[in-house]
2 protein chains.
Amino acid sequence: MEITYQTIGYIAAILTTASFLPQAFLTLKTRDTESLSLGMYSIFTLGVSLWLVYGLSISDKAIIFSNAITLVLCMSILSMKIYNTVTRDRS
Amino acid sequence: MEITYQTIGYIAAILTTASFLPQAFLTLKTRDTESLSLGMYSIFTLGVSLWLVYGLSISDKAIIFSNAITLVLCMSILSMKIYNTVTRDRS
């Protein structure tokens, strides 16, 4: 089987998208977000949202699909981080 | 100024690349990786490496540049996570 450049691109996209699954599971399971950067997840979520807008603009299914999944995952991590930050500041 | 789809794509790429800066700074400063997923950073680093291979294959400067930066950042985070995991298991 010949591995084309396009295949490498697809595998890369699947890996960078799938990578947020174990982080989301860990974060939702332990509810621990101490060493997660609020700045990272804020900027990353905004960036992924723009990737989704871009994908929709040029009707690229691969960009739409991978960023829609990543958006759900990084938003769940960001939500937990914001929740912990707000409740910690109140206590 | 008209914002083109291409501009949205570039801003998205800059944001998702830059987002790892605050995480890398936080991780290297506090050395705390407790709530970071080893699975995420392992898979993500492999994915970004393949994005770099893909970028080099098709000679796309934007893909090469953004993934080279992200690779340095996520490898520094992954290294700290592996270091903490190994030293914790030994103690």
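Accessible areas come from the Shrake-Rupley method with a 1.4 Å probe. On this basis, the accessible surface of chain A in the predicted model comes to about 5200 Å². Carbon and sulfur atoms account for 68% of that surface. Of the 91 residues of chain A, 42% count as buried.

Chain A contains 4 helices and 0 strands, and its pattern along the sequence is α-α-α-α. The radius of gyration of chain A is 16 Å, whereas a compact globule of 91 residues would have a value near 12 Å. Along the principal axes, the C-alpha atoms of chain A fill a box of roughly 55 × 30 × 15 Å. When contacts in chain A between residues at least 6 apart in sequence are considered, 68% of them join residues at least 24 apart.

The arrangement of the two chains was examined next. Two copies of a chain are related by a rotation about an axis and a shift along it. Here, chain A is superposed on chain B by a rotation of 180 degrees with 0.0 Å of shift along the axis, and the RMSD is 0.0 Å. This is the relation of a two-fold axis. Within chain A, the C-alpha nearest the axis belongs to Ser35(A), at 2.7 Å from it. Of the interface residues of chain A, 100% are also interface residues in chain B, so the copies meet through the same surface.

With residues up to four places away in sequence left out, Ile43(B) touches Leu15(A), Ser19(A) and Pro22(A). Ile43(B) has a relative accessible area of 28% and is therefore partly exposed, the range for this class lying between 20% and 50%.

In soluble globular proteins, nonpolar side chains tend to be buried together. The largest nonpolar core of the model has 26 residues. Those with the most contacts inside this core are Phe20(A), Met40(A) and Tyr41(A), together with Phe20(B), Met40(B) and Tyr41(B). In chain A, the elements that give two or more residues to the core are α2 (20–30), α3 (38–57) and α4 (61–90). In chain B, they are likewise α2 (20–30), α3 (38–57) and α4 (61–90).

Tyr41(A) has contacts in both chains. Its partners in chain A are Phe20(A), Gln23(A), Leu36(A), Cys74(A), Ile77(A) and Leu78(A), and those in chain B are Gln23(B) and Met40(B), not counting residues up to four places away in sequence.

The cysteines were then considered. The structure holds 0 disulfides over all chains. Cys74(A) is in no disulfide, and the nearest cysteine sulfur, that of Cys74(B), is 16 Å away. Cys74(A) is buried, with a relative accessible area of 0%. Cys74(B) also counts as buried, at 0% relative accessibility.

Cys74(B) lies in helix α4 of chain B. Apart from residues up to four places away in sequence, Cys74(B) touches Tyr41(B), Phe44(B) and Thr45(B). The C-alpha atoms of Cys74(B) and Val86(B) are 18 Å apart in space, and these residues are 12 apart in sequence.

The backbone shows a positive phi at Arg31 in each chain. In chain A, phi of Arg31(A) is about 60 degrees, although Arg31(A) is not a glycine. Arg31(A) lies in the loop between α2 and α3 of chain A. Its relative accessible area is 47%, and Arg31(A) is thus partly exposed. In chain B, phi of Arg31(B) is near 60 degrees, again a positive value in a residue other than glycine. Arg31(B) lies in the loop between α2 and α3 of chain B and counts as partly exposed at 47% relative accessibility.

Technical notes. Residues are numbered from 1 along each chain as its sequence is written. Chains are lettered from A and ligands numbered from 1 in the order in which they are written. This is a predicted model: local features need pLDDT of at least 70, side-chain atom pairs count only at pLDDT 80 or more; totals for chains, interfaces and linings use all residues. Side-chain values use heavy atoms; hydrogens and water are left out. Copies are superposed by least squares on the C-alpha atoms of residues with pLDDT of at least 70 in both. Contact means heavy atoms within 4.5 Å. A disulfide is a pair of cysteine sulfur atoms within 2.5 Å. Buried means under 20% relative accessible area, exposed over 50%, partly exposed in between (1.4 Å probe, protein chains only). A nonpolar core is a set of buried Ala, Val, Leu, Ile, Met, Phe, Trp, Tyr and Cys residues joined through side-chain atoms within 4.5 Å. The radius of gyration is taken over C-alpha atoms; the globule rule is 2.2 Å times the number of residues to the power 0.38.
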